[in-house]
Amino acid sequence: MNIIIEALQGGLGGLASYLAAHVLLCLVPAFFIAGALSALVPQQSIIRFLGPDASKWVSYPAAAGAGSLLAVCSCTIQPLFAGIYKKGAGLGPAITFLFFAPAANILALSYTGVALGADFAIARIVLALSFGIGIGMIMAIIFRRGEEARLAQSEAFAAGDGISRKTLVFLAALVALLIAGTLKLDFLKAVLFSIELPVPGVAGLQAMLDVLVPVDEAVGAEGLSVQGLFLIGLLALIGVAAWRGLGQVDNGFNRLTPVALGLTALTLIVAALGVRVSENALLLTVSVRTAAVAALCAGLVPLARRFDPWDVQQWLWETWRFVKQIFPLLVVGVFLVGIIRVFIRPEWIQAVAGSNTVLANMAGVVFGVFMYFPTLVEVPIAKMFLSLGMHPGPLIAYLMADPELSLQSILITSAIIGKLKAWTYVGFVALFSTLAGLTYGAWVDGTSLWLLALLVGGFITLLLSTLHVVDRASRARTV
């Protein structure tokens, strides 16, 4: 019974801390961006840069470049991935975008360099770029016939005008909201002013939350604050209002539509506040980040009014559709990860991954799947692994797999592109992450770079040759 209670507490605690601390300033704007991509961006604009007829020299770098600008994790990138895939992006560039954004965005790379050293940061970007493009190309070749059938429907809509200037400005404002809420820059943390709000008994409430959802850095448990509890309440209110306010907005605006949007803006602003608990008061700190989030939320209103009301309705409805498709899977996945994480002990790490072996690197990949952490949290966890004796090779394997292969992201990717494609993608990520760890670990252990280049080059040549044969056979069957 104690084990069951501990497991349930781990699942509920992980879910509570995730919703309170992580889902708001990155995932909520990401859903609205995905809705805007789906409803406001002409299909031909996506096809032009990421479609099957776009040059590989354009589509794959464009996908990686777009991903590098977003400080998001695997679950946050899912609605954006779904948006561009639905609009006609080729499977290969879409997979590159899906892989590169959480693994090697600017914020993740800079944080990796500061916490673990420049060697890890350089290895991460080089490996993520090569693997992201490589896996995308491999997936495009393997599933070429199925993609041709899907994209044939998109090409029927490829003619027409490009993306309008007002749409670009609107998307830029949404992306700016995402960046303002997530970017870890000193000037965004600068305090503008503080307010002390008397709240009798708040210290006791925080003490109770610390007992119910304890902080445990060893397993990545972030705990639950009073601010987090309030944010979860706001999320529940958004869900109630949005069920009709956004879910039925395609039939016209209703009274709950502005309520849902207003609660969403309030939630983002509260999430951007600094909140500290004292004996009988809350100290609220308004920073540049808070002001930026509030200003961008307010600025989106006049920008949205420049569109036809029908376009705004479609944007909000598409946003809600992505939420209904992705968010339940996300909640289930995070809950299961919280349960599984209870049974994994950090002291096992040195015994399992203390040397640069195939099994140790595979263990690093498994850690990435079952000990999934929100974006940037994987870096201090990796630092902890390193201090506990994990070899740098398996550590790189973990850093490559953790942003990509969480249980919830696998479930969501399956819902978007199908189980066969999703599990093929998972297999390639696991394979290349293991190879990355072995290669980097061998270099750390003193193996000659020329020998490593020869071995890796031979593996890539064999893989490309096999894919070339498969592609030729597939083309011959098509003819």
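**Close-up 1. Helix 14 crosses helix 15 in a right-handed sense.** In this predicted model, local features need pLDDT of at least 70, side-chain atom pairs count only at pLDDT 80 or more, and totals for chains, interfaces and linings use all residues. Residues are numbered from 1 along each chain as its sequence is written, and side-chain values use heavy atoms, with hydrogens and water left out. A crossing is right-handed if the near helix is turned clockwise from the far one by less than a right angle, and left-handed if anticlockwise. Helices are DSSP runs of H or I with at least four residues, strands are E runs with at least two, and both are numbered from the N terminus. The axes of helix 14 (residues 256–272) and helix 15 (residues 288–304) come within 8 Å and cross at roughly 170 degrees. Axes are lines fitted to C-alpha atoms, for helices over the stretch in contact; angles run from 0 to 180 degrees between N-to-C directions. The two helices are therefore roughly antiparallel (angles over 145 degrees; under 35 is roughly parallel, 65 to 115 roughly perpendicular, the rest oblique). Helix 14 brings Ala265, Leu268, Ile269 and Ala272 to the contact, and helix 15 brings Arg289, Thr290, Val293, Ala294 and Cys297. Contact means heavy atoms within 4.5 Å. These residues divide into 7 nonpolar, 1 polar and 1 charged. Ala, Val, Leu, Ile, Met, Phe, Trp, Tyr, Cys and Pro count as nonpolar, Asp, Glu, Lys and Arg as charged, and the others, Gly among them, as polar.

**Close-up 2. Helix 20 passes helix 22 in a right-handed crossing.** The axes of helix 20 (residues 392–401) and helix 22 (residues 419–444) come within 7 Å. They cross at roughly 150 degrees, which makes the pair roughly antiparallel. Pro392, Gly393, Ile396, Ala397, Met400 and Ala401 of helix 20 meet Ser433, Ala436, Gly437, Tyr440, Gly441 and Val444 of helix 22. The contact has 8 nonpolar, 4 polar and no charged residues.

Close-up 3. Strand 2 pairs with strand 3 (residues 281–287) over 4 bridges; pairing needs at least two DSSP bridges. Valine 275 has leucine 284 in strand 3 as its bridge partner.

**Close-up 4. Alanine 30 sits in helix 2 (residues 23–40).** Alanine 30 counts as buried, at 0% relative accessibility. Buried means under 20% relative accessible area, exposed over 50%, partly exposed in between (1.4 Å probe, protein chains only). The C-alpha atoms of alanine 30 and leucine 174 are separated by 8.3 Å, with the residues 144 apart along the chain.
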